[in-house]
Amino acid sequence: MDMNEIKEIFFQECEEQLAELESGLLRLNDGDRDPETVNAVFRAVHSIKGGAGAFGLDDLVSFAHVFETTLDCVRSNRLEPNQDVLKVMLKSADVLADLTNAARDGGSVDEARSRQLIKELEALANGELPQAAVSEPAAKPAPPAAPVPAPAPAPVVNDEGFQPVAFSFDDFEASEPPAIEPSTFEILFRPKSELYAKGNDATLLLRDLSRLGEMSIHCDMDELPALGSMNPEAAYFAWKISLKTDKGEEAIRSVFEFAEWDCELDVALAGGNAGAGEELPMQPVPFDLSLLDGDVSASSGAAEDDEQVVAQREARDEAVSAAATASNVLQMAQTARASAESAKSASPASAAQAAAQQAASAATPTIRVDLDRVDRLINLVGELVINQAMLSQSVIENDTNGTSSINMGLEELQQLTREIQDSVMAIRAQPVKPVFQRMSRIVREIADMTGKSVRLVTEGENTEVDKTVIDKLAEPLTHMIRNAVDHGLETPEKRVAAGKNPEGTVRLTAKHRSGRIVIELADDGAGINREKVRQKAIDNDLIAADANLSDEEIDNLIFHAGFSTADKISDISGRGVGMDVVKRSIQALGGRINISSKPGQGSVFTMSLPLTLAVLDGMVVTVANQTLVVPLTAIVETLQPEASAIHSFGASQRLISIRNSFCPLVDVGRILNFRAIQANPVDGVALLVESEGGGQRALMVDAIQGQRQVVIKSLEANYTHVPGIAAATILGDGRVALILDVDAIVAASRGQTLKPEMSLAAAG
Amino acid sequence: MTYVAKNLTTGGRELIAFRVGGQEFCVNIMSVREIRGWTPAIAMPHAPSYMLGIVNLRGAVLPIIDFSARLGMKAAEPTVRHVIIVAQVKSQVVGLLVDAVSDILTVSDGDIQPTPDIASDFERSFARGVLAIEGRMICLVELDQVFPHEEREAA
């Protein structure tokens, strides 16, 4: 694995961390005050900083550092994460994402913005510090022997590294003042196996530690099992260290900075508290190391140590169980202990929940796979399905008895292949969450730019869709969100005047409905101004001045190319992408989009998309001896035309009457140039289709062969786009069949010719 | 391996020669993926006349070009005796229908003569040069020019 690969992995992890960061901040924004959420946010920034440091990405490191410092203030309750604070933090998360992207792709970052945010973050961190110190004077003197693990990574050190703690130990009031002169620390360092798995080495950490001052070490081997029951990958050793140093606790913790999540670490000042042992049940310490005070030279007191350790373990267990009965101090103790143990502090109430989360995340390990590899697999499985179908067909042709073992085996094979196909498809299925999360940033940015106050509510973000669909969803969705905020929502003043909450709401919902994913974007704005749209359409010669249009038809006008209802071209609109592009990209995904708008109440855009782009339900038909597949979603009904229902209309057009309405008849064979003259409709079957452009058409085909799920194969990969054809597929007998592009056919029947787009330079 | 070794020592290259309409052509062996027999192709709507259609190549859609018709000669009437050269240029894989594959040649760059200037622009566009081997004339074909391209539709 070379450096670039490692870097790539780092950036992939960054993406996850950034998502985690943003969702955590949004949870906080919604009033979540779970310390675990704060920790998760902090960890995300911290990991990015750590990785970025390893790769020498200085910009990223310095920004992350400032961000982390401010987050640490929140973590240690010195800074209340109110709306204003979170606003800065969310923006910082955006900048962090920008910096990460810039570091990866070499893009540029808005430096003014990041400088501004650094200032704001520092102001938050500094501005709140004195208050915290004033409100909790008791905590200011470092609590000796207090095992409360202060957040380990060093924030800006402006108070000699001692973290003010949220509670005070009255017992310790009289103890030593915080020392700049050499003092002795008792350190318990118990690595977890993860520490070694990540390539850290306990010995190196201990060596670093020894540079801080005079040190004596005792290795705790109590956990070491008999050789037979030893797990070679487990970590069994712990170290008790007594260190005399003038560097302070912060320096000690910084040695363990990159290992802190993967070990149990207690750092405590020794001395002055010899009697603490008697109060052990009340001590939140797993090991009260002050007991070792008189005997720091480890080897001589090993037996004694053990006794004490056993006693302390019992005491600790008691302390933990006592915590369940929730005396205040013990709650704190429990909190401290939990954080020391797992680096995830949790209040007793949420401890179980946190543990469950941990268990859950451990239960579903994931791997990252190149999408190409999955595609290859899907392709192969598609082949397998085809081969299996061919095999079945030849077995049937060879007329074997229905109960023969061959048929049995074949049936089993069929079942297996179907299952494999389903499983492989499921690999590509991903929750829409990442796209939805990206939208919250878009909303923030647009809201800032337009001076509107917007709240984005997302629902069903765990709804799963094929990865290719998700990837292509981001662009149209981004544009629609921009529109919803920029055009849809009114300014706060207007909202108040209309008797609405000044804060607008944009609701983004995803759900499964009958084999498709339906994504809904609703705003509670003013709704579409139909008068304005209509006027604009008349100005643009889209409709006649006296045209009689229904509300829906007017709403649909905004999908026309070059249509914008914005009075002026702002930063947000007028970027050359209109709703027509949105509509086209949705259609390219095999989807549909609908608007429903109520004046004064807002608009709802509903997108219905296929769950996957890899397979499609189709109707297999024959046209002029060719086999074609018509997407089932386009077909409204099929009918056998009777001669009396066919009416000629002018020289070449024909209409078919269906329940007293007339529908243009389109001969697919003729329009695709498969035959020169139109076939007699009575000999064929009509497929009533509904196209995206609105309006129905009756497509004439010669015969229907059946309905089946087909694997979509790209024509463009080796050939070129063919007008009227969406893609190709391979049928059970191994032959290729073309998938009809219904919309293009319908458009062609309206007079737009299906031109052969491919004409080679040398062809004539 | 032998090919690479040869290439390194002589600076030569290997070409696959094939016959179409009584003439001989050749292409660089490195762009040839496989050679297979003719199977009926599914016709494509609105395709140029030399485009025979598409066939299934192990799950991928393979367009088949009638090489003879592509060069403006008589369109082939494919039989089971015809051969499809599956060739790749860049990311595109296309099948060329030819009468037969005749030879594998090893030539050095010096053996390739420039296309005679009698050729029309059309022939010049796909002919990279000619080879004289044992009294035969073999035209070296630039596959890139034979393949369909969307970006060239303007011309």
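Q: In which sense do strand β18 and strand β19 of chain A pair, and over how many bridges?

A: Strands of a sheet pair through backbone hydrogen bonds, either parallel or antiparallel. In this predicted model, β18 (residues 685-690) and β19 (residues 696-701) of chain A are antiparallel, with six bridges between them. Within this pair, Glu690(A) lies opposite Gln696(A) of β19(A).

Q: What is the order of the strands in the open sheet of chain A?

A: The six strands run β14-β18-β19-β17-β16-β15, with mixed pairing. At the edges stand β14 (635-639) and β15 (646-649) of chain A; each has a single partner strand, so one side of each lacks a neighbour in the sheet. From one strand to the next, the twist averages 35°.

Q: Which helix packs on the sheet, and which strands does it touch?

A: Helix α21 (residues 742-749) of chain A touches β17 (661-667), β18 and β19 of chain A. The direction of α21 makes about 100° with that of β19(A).

Q: Is Cys139(B) buried or exposed?

A: Cys139(B) is buried, at 9% relative accessibility; the cut-off for that class is under 20%. Cys263(A) is likewise buried, with a relative accessible area of 1%. In chain A, buried residues make up 48% of the 764 residues.

Conventions: Residues numbered from 1 in each chain as written. Chains lettered and ligands numbered in written order. Predicted model: local features only at pLDDT ≥ 70, side-chain atom pairs only at ≥ 80, totals over all residues. Heavy atoms only, no water. Buried < 20%, exposed > 50% of the residue type's maximum accessible area, 1.4 Å probe, protein only. Pairing = 2+ DSSP bridges. Helix = DSSP H or I, 4+ residues; strand = E, 2+ residues; numbered from the N terminus. Axes fitted to C-alpha atoms, helices over the stretch in contact; angles between N-to-C directions. Contact = heavy atoms within 4.5 Å.
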